[in-house]
Amino acid sequence: MRQKELRIALICYGGVSLAVYMHGVTRELWQLARASRDHHSGVEGRGGVHQVYCDLLGLIEDEQSLRLRVLPDIMSGASAGGINAVFLAQAIYSGQSLEPLTDLWLENADTEKLVAPEAKLRWRFAKLWAQPFAEWVLTRPGNAIAETVAPETREEVRRKVSHLIRGRWFEPPFSGLGFSKLLEQAFAAMAATTAESPLLPPNHPLDLFVTATDFYGHLELLRLHSPKVVEDTEHRTPIVLRERTPNSGGSDLADRLELVFAARATASFPGAFPPLKVSEIDALADDRELEWPGRTDFLERVLPSHVTRGNVENVSLIDGSVLVNKPFGGAMSALRGRPAQREVDRRFVYVDPRPDRFTARRAEQQREVGFFSAIFGSLSTLPREQPIRDNLEQIEEQSREAERLARILKTLRPEVEKTVERLFGYTFFLDRPTPRRLNAWRQKAQQAAAEQAGYAFHSYALAKFSGIVNRLAQATLRAVPDLDLTAVESVLRAELERRGLDHLAASSGGATPEAIAFFREHDIAFRIRRLRLLARRLARDWEADPEIPDEALEKGREAIYAILALYFDREDPTQFGEGFAEAAKDVLEDPGRVLDLLRERRLLPSVDDTAEEMLAEAFETMPGNLKRRMLFAYLGFPFYDAATLPLLRNEGLTEFDPIKVDRISPDDAKSIREGGTAATLRGTEFYNFGAFFSRAYRENDYLWGRLHGAERMIDLVLSTATEPLGHATARDFKRRAFLAILDEEAAAERCDAALLDDIRNEVLERLC
């Protein structure tokens, strides 16, 4: 049976109150991931939409012999979409329930709950002098409420907006600390639920990326030709968390206060909330009597420039969507160095509640751009709605490169295997590959690949050398983040050239003795690429071979990833030992000390010995046909690497399958109701603030988010199957999922019964 992982990188756009819709979507991704985990572990019988997803995965397994695991392992978000990304990442990592976030959106995402205490009207005649102005703003011809709010809720919206206008002027109406308290309450409520196992396999990386905007900015150094260095202001402030999934549930992705910091910072909508300051999180900690032991480390990581300059207390963070409303870049950066233990179908899935922006504005194009509309459009609307074409083109180029690499490797394989056979003869494969033999064979293969490369070896060696220098510089920067990468690379390269590495290729062919020693001591990337090739062959090329038992492939994968872990540990800065940070600070004056410490602390040749002992042990229990193929790949890798590394922009024999991009929006989920956003969502009213003024609107958008999310989750799973399962199958599973969601919400009594009945009737009419 083939095994495949559907890996999802989720990107949640900013959208003000449309975040309620996005929560409904992310809740279905959470439900699908739970069902996938349970299906693989044999847990059944939860009922509801969970069972529908389990049945869908079971059908694919039974009919196509494909065991599919759904892994949402990258979360990226901006503004209110960032809140959903933070909570979803916490639920995936901890195994906690996402249910409390539903209550946060439905119960507390209302202007009357968010408004600052000092801005509330204490009695209905308060600030009566402002009433005529409020009436004029809210009832004059062509006012925003009359033009954008449905008739049945205009009175409610007018009343709440009137309270905001009369509450206080020229200050944000909503409370920043109050918002942080609501977020903390939701995380606390999640922690109070019964934690299940995490939704990702143990040790699988989970990345969270949310955007924030540093209002005043901070200075960054730019290196030019003339002048050599200039200072420039940077306002983008990404908040990045990356952890490896634990074995059991209940652990937090980060300190709760840090999760609140990330969610509050990314959603600090200008004018509605005050900017986030660190003092607000400190006040929250005091109010909730929470400790924050990692405060210094967190701030050094998130706000390094401010910490260095000693002005972290003055930082003002506003909404991340001001500059980065569609954070594809963070998700793309998380792909680097990701392991691929099985065949991977990588998807970038972005949630866009308003794909109809251009259509909605088409009528406005008949009017001239006015004074205020030009100002407000340039400051807010246009940056938020900038398309994602550049990101998609970059993803497409990356996918083309991945396909090109796969074709090159496939074409090279017959010739490489013939070369390995000529090099070692036909009988050595029958021998028991002891660690000593593996070591000797490996060195012989590497030397032969270098010599047979001829003139091409010099470009290969230079590519290796540049990659190693970059990794050494990156290791130094992890210890001292304030250093400049280019400057560190320059001094390290100069020091290595002084040590005899100004020439890498020997006149007789292959590498010079100095280059061989350098590669043995520092080329960790080569080791990782070689093991990843083995992992890919085990996962992709040999998995469908009926001659090789599934159990043997699984044991082989476990062995390869256990060996990979040895090398990953050598890239962890905590493994460099005491004194390395001090040496790293002086790298520009004494780069040799850093090089020597990295060589002494990582001891890669010693790790190679351990790795070959583990590999030889794995070979002992492998069937002969699998062992032979593994040896072909292991010993043939230097030939593959010499041919492909100079052609690549990255070093990744990793997750290099093409990336596919999928959208989730009302325009893409029409099984129940046609018409897209305009026909389904209500939060679009009043400049996308509509759902913050009406519980009915929040219930509506949340419910449609779940329904649209379920439809698109089923589409995603079916598109990953080996062969199409047919329209009738998709229709049946969608109908079952829709009815299960409506039953769950009816039992929870979260949504209006009439709303549930109306949508149920539509489902029965269109899908039965």
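How many salt bridges does the structure hold? The structure holds 51 salt bridges. Here a salt bridge is a side-chain nitrogen of Lys or Arg within 4 Å of a carboxyl oxygen of Asp or Glu.

## Basis of the model

This is a predicted model, in which local features need pLDDT of at least 70, side-chain atom pairs count only at pLDDT 80 or more, and totals for chains, interfaces and linings use all residues. Residues are numbered from 1 along each chain as its sequence is written, and side-chain values use heavy atoms, with hydrogens and water left out.

Two packed helices are described by the angle between their axes and the distance between the axes. Helices (H or I, at least four residues) and strands (E, at least two) are DSSP runs, numbered from the N terminus.

Contact means heavy atoms within 4.5 Å. On the helix 1 side, the residues are E28, Q31, L32, R34, A35, S36, D38 and H39. They meet V49, H50, Y53, C54, L57, G58 and E61 in helix 2.

## Salt bridges across the chain

R242 and D207 join their side chains in a salt bridge, at 2.9 Å from N to O. R242 sits in strand 4 (residues 229–244) and D207 in strand 3 (residues 205–223), so the pair ties together parts that are 35 residues apart in sequence. R242 counts as partly exposed because its relative accessibility is 39%. D207, at 7%, counts as buried. Buried means under 20% relative accessible area, exposed over 50%, and partly exposed in between (1.4 Å probe, protein chains only).

K464 pairs with D523 in another salt bridge, with the closest N and O atoms 2.4 Å apart. This pair links distant parts of the chain, 59 residues apart. K464 belongs to helix 19 (residues 456–479), while D523 lies in the loop between helix 21 (513–522) and helix 22 (524–541). Both K464 and D523 are buried.

## A linked network

R750 and E745 form a salt bridge at 3.0 Å, N to O. R750 is buried at 11% relative accessibility, and E745 is buried at 0%. A network of salt bridges links R27, E28, E99, R706, E744, E745 and R750.
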